[in-house]
Amino acid sequence: MNEQLNEAPCGYLTLSEEDDILSVNQTLLKLLGYNLDQLQGQPINYILSASAILFHQLYLVPLIKLENQIEEIYISLKSVDDEEIPVLLNAVQRERDGRTIIECVVIPMRKRNELENELLIAKKEAETALNARNKAYADLEIAHETMKMQKNKLIELNEKNEKFKVDTERELGLAKKIQETLLPVPIINEHLEIQAYYKGSNQLSGDIYGFYQIDAQRYGLILLDVMGHGLSSALITMSLHSIFERLILKGSEVKTVMKELDDHLHSLFKNTSKSSHYCTAVYLLIDTDKREINYINAGHPSVLLQDINGKQYELRSNRPPLGMFEDILFKTNTVTYNKESMLCLYTDGVEEPIGSDRLCSLLKTFSAAPLSALKEEVIQSLSYEEDTLQRKDDQCLILVKLK
């Protein structure tokens with residue numbers, strides 16, 4: 001790296017196609033508090049904040065692969081002291097010396113953010129005070145004039161609202177039970193064992209999964225997380241379920257299943273862009289004769305694969321979430337496995353409370369134990385976190401032992 005670039009007034013770094021750090025200029029090293037030896041060769045997640053890691057996996061990686069560049073992305077980096085540093089990121093992907101690299105320019109935004117926040121807070125406080133005063137005068141006048149006239153009407157309205165609330169809760173409870181009846185039962189045979197855990201939030205679920213035996217040696221596993229909660233997300237998951245169940249049991253190729261689901265989401269909202277939905281999804285087609293897994297991960301948390309020796313691999317996202325971009329080409333990835341390998345698929349409702357590192361650790365610790373014991377330990381870990389944190393998302397987990 002030349003001296004001018006090394007001492008530039010903005011941060012500069014280069015990444016490999018696998019997101020490993022190749023080079024960093026002195027400006028960025030000083031900003032983060034590292035030296036070059038500490039960062040060179042590390043994955044980019046090493047200097048990203050927790051929220052930036054998720055944003056990087058779901059958005060930045062698919063976008064840079066799709067368009068070869070990103071501009072003016074606001075994220076947070078993590079210093080050596082775990083301080084979050086807001087920055088503006090520009091990046092471009094290009095070929096250099098026969099390999100693909102990603103060049104990134106990083107501009108700190110700390111002072112600008114502080115000034116903007118102070119101005120926004122002051123403005124908001126002034127507007128809030130003025131609006132509160134005006135509203136108080138208006139409400140007082142209206143209340144004084146209409147209190148007697150509205151009393152009986154309010155009582156009647158409250159009775160109707162209470163009845164509507166009871167009826168709605170009953171209907172939503174029934175809908176939630178119908179959703180849960182679609183979930184498959186465990187599979188246990190001489191080829192593999194599949195166990196699953198699902199716990200919905202208080203609302204209708206936006207998560208759905210399925211696993212099926214296609215023929216004597218092939219099995220299909222799919223896990224989807226539709227954006228949001230409530231009735232709209234639940235209806236979308238129901239429609240997606242009917243499509244992927246039909247295609248998987250028919251033995252369709254991995255890319256065919258994902259393309260059909262993506263097309264379905266686009267067709268649902270082609271004339272209503274304001275209400276469009278997307279979902280993260282991962283589909284694995286396992287061939288137990290070939291000991292081979294064909295998969296596509298569309299913006300979903302990485303699938304963990306652990307071999308008989310305890311070595312772990314991540315089946316990372318290689319495409320953006322379904323329903324986000326039209327005319328996406330879906331490319332199937334293939335990995336092989338050995339006997340007694342294990343798979344762990346999960347949604348962010350599992351990852352966020354206990355973390356992917358904890359899941360990796362549990363997978364190693366319980367590699368020789370029954371799969372049910374591993375599942376129970378994960379459930380216990382989730383229950384422990386719920387004692388201190390209010391659960392706001394659905395929790396889906398699929399565990400597979402490849403015999």
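**Pockets, cavity and cores**

The largest pocket is lined by 38 residues, of which N45, Q57, S302, E314 and R316 lie nearest its centre; a pocket here is an open set of points on a 1 Å grid over the protein atoms alone, with protein on both sides within 12 Å along at least five of seven lines, and lining residues have an atom within 4 Å of a point. The model is predicted, so local features need pLDDT of at least 70 and side-chain atom pairs count only at pLDDT 80 or more, whereas totals for chains, interfaces and linings use all residues. Residues are numbered from 1 along each chain as its sequence is written, and side-chain values use heavy atoms, with hydrogens and water left out.

**Largest pocket**
- About 1300 Å³ of space lies in the largest pocket, where a volume is the space filled by probe spheres set on grid points joined across faces, edges and corners.
- Helix 4 gives the most to the lining of this pocket, with 8 residues.
- The lining divides into 14 nonpolar, 11 polar and 13 charged residues, with Ala, Val, Leu, Ile, Met, Phe, Trp, Tyr, Cys and Pro counted as nonpolar, Asp, Glu, Lys and Arg as charged, and the others, Gly among them, as polar.

**Second largest pocket**
- The second largest pocket has a volume of about 290 Å³, and of the 19 residues that line it, L58, D225, Y278, T280 and D348 are the closest to its centre.
- Helix 4 supplies the largest share of this lining, 4 residues, and by class the lining has 10 nonpolar, 6 polar and 3 charged residues.

**Cavity**
- A search of the whole structure finds 1 cavity of 30 Å³ or more, a cavity being a set of points where a 1.4 Å probe fits but cannot get out.
- The largest cavity has a volume of about 200 Å³ and is lined by 20 residues, of which L15, I44, H56, L89 and C104 lie nearest its centre.
- The lining of the largest cavity has 18 nonpolar, 1 polar and 1 charged residues.

**Nonpolar cores**
- Of the 53 residues in the largest nonpolar core, L221, L284 and L343 touch the most other members; such a core is a set of buried Ala, Val, Leu, Ile, Met, Phe, Trp, Tyr and Cys residues joined through side-chain atoms within 4.5 Å, and buried means under 20% relative accessible area with a 1.4 Å probe, protein chains only.

Conventions. Buried means under 20% relative accessible area, exposed over 50%, partly exposed in between (1.4 Å probe, protein chains only). Helices (H or I, at least four residues) and strands (E, at least two) are DSSP runs, numbered from the N terminus.
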